[in-house]
Amino acid sequence: MTTEQSDRPTPPTPASPGPAVRLITVSAAYGAGGSVVAPALAERFGLPFLQRITTSEGGVAEPGPCDEQLSEEEVKVTPVHRLLAHFTQAMPAGPTQSPPSTHHQDEHLRGHGETGIRRLLAGGGGVILGRAGAVVLGKDRGFHVRLDGPAARRAAQGAVIEGISAEQARERLRAADKARDAYVRRLYRCDPADLALYHLMIDSTAMPLNTVIELIITAARAHEAPVPERSETH
């Protein structure tokens with residue numbers, strides 16, 4: 001993979017006139033470019049940007065750079081780092097019930113992640129990265145996107161995006177994928193890679209991220225556009 005394919009996008013230009021897009025969620029595996037694509041979408045549409053639970057304390061963040069890896073906040077902030085560590089040590093294989101002893105912790109972390117989503121909705125919409133946004137909102141609210149790709153190519157792209165070595169990127173991929181998968185499975189009993197959750201899924205390692213951004217803009221506008229009434233001939 002070349003740097004040209006994976007590097008951050010060029011300075012954005014306003015999205016062309018068309019149907020108003022007010023709410024987009026982006027779910028992204030490590031190295032799939034969510035930290036580049038989601039803020040760029042927010043800037044293009046002039047919408048607030050809400051980062052992952054692992055990189056935010058629940059507030060609405062301004063469009064700007066965020067990270068692919070688990071952030072320092074995930075290492076330091078309570079209870080996020082402790083709960084995610086617990087999840088990755090005992091991640092359920094399927095939609096099983098949480099042990100009663102962890103129910104309160106689960107509710108606390110779920111509320112922590114959803115507070116920012118509710119605030120964004122109250123303000124009229126925005127772009128949400130992570131936070132199981134597609135699960136929380138459901139298919140009838142917003143336009144939901146999943147970015148993924150082969151692990152080796154995601155690690156290569158993550159290394160370019162973050163300016164780190166290939167080995168560091170592979171380590172971060174293992175940690176971030178495991179924690180984010182655990183977050184959704186544990187709190188929402190869902191597989192974050194389930195295609196049924198999303199309106200659009202893209203292998204974002206197979207094309208430049210600028211192209212990924214344009215594809216999502218086009219698809220989101222088409223999703224928001226009114227469907228012409230079908231004329232019936234008798």
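Predicted model: local features only at pLDDT ≥ 70, side-chain atom pairs only at ≥ 80, totals over all residues.
Residues are numbered from 1 along each chain as its sequence is written, and side-chain values use heavy atoms, with hydrogens and water left out.

The secondary structure of the protein consists of 9 helices and 5 strands. Here helices (H or I, at least four residues) and strands (E, at least two) are DSSP runs, numbered from the N terminus. Along the sequence, the elements follow the pattern α-β-α-β-α-α-α-β-α-β-α-α-β-α. Of the 234 residues in the protein, 47% are buried; buried means under 20% relative accessible area, exposed over 50%, and partly exposed in between, as computed with a 1.4 Å probe on protein chains only. A contact is defined by heavy atoms within 4.5 Å. Among contacts with a separation of 6 or more, 76% involve residues 24 or more positions apart.

Threonine 25 is located in strand E1 and counts as buried because its relative accessibility is 2%. Its contacts, not counting residues up to four places away in sequence, are with Ile128, Gly133, Ala134, Leu137, Phe143, His144 and Val145. The side chains of threonine 25 and histidine 144 are joined by a polar contact of 2.7 Å. A polar contact is a pair of N or O atoms within 3.5 Å; within protein, one must be able to donate a hydrogen and the other to accept it, and residues adjacent in sequence count only if both atoms are side-chain atoms. Although threonine 25 and valine 145 are 120 residues apart along the chain, their C-alpha atoms are separated by 6.0 Å.

Valine 26, also found in strand E1, is buried because its relative accessibility is 1%. With residues up to four places away in sequence left out, valine 26 touches Ala38, Leu41, Ile128, Leu129, Gly130, Val145 and Leu147. The C-alpha atoms of valine 26 and valine 37, which lie 11 residues apart along the chain, are separated by 8.4 Å.

Serine 27 likewise belongs to strand E1, and its relative accessibility of 14% is why it counts as buried. Its side chain makes a polar contact of 2.6 Å with the side chain of arginine 146, and a polar contact of 3.3 Å joins it to the side chain of tyrosine 198. Beyond residues up to four places away in sequence, serine 27 touches Val145, Arg146, Leu147, Pro192 and Tyr198.

Serine 27 also takes part in the lining of the largest pocket, where Ser27, Arg146, Arg180, Val184 and Pro192 lie nearest the centre among 30 lining residues. On a 1 Å grid over the protein atoms alone, a cavity is a set of points where a 1.4 Å probe fits but cannot get out, whereas a pocket is an open set with protein on both sides within 12 Å along at least five of seven lines; lining residues have an atom within 4 Å of a point. The largest pocket has a volume of about 370 Å³, where grid points are joined across faces, edges and corners and a volume is the space filled by probe spheres set on the points. The lining comprises 16 nonpolar, 5 polar and 9 charged residues. In this classification Ala, Val, Leu, Ile, Met, Phe, Trp, Tyr, Cys and Pro count as nonpolar, Asp, Glu, Lys and Arg as charged, and the others, Gly among them, as polar. Helix H8 gives the most to this lining, with 7 residues.

Helix H8 has 23 residues and reaches 32 Å from its first C-alpha to its last, close to the 33 Å expected at 1.5 Å a residue. The expected span is 1.5 Å times one less than the number of residues. The buried residues of H7 are Arg154, Ala155, Gln157, Gly158, Ala159, Ile161 and Glu162. Just after H7, glycine 163 takes a positive phi of about 70°.

Most residues other than glycine have a negative phi. Arginine 131, in the loop between strand E3 (126-129) and H6, has a positive phi near 60° and is buried at 3% relative accessibility. Arginine 189 follows H8, lies in the loop between H8 and strand E5 (200-203), and has a positive phi of about 55°. Its relative accessible area of 30% makes arginine 189 partly exposed.
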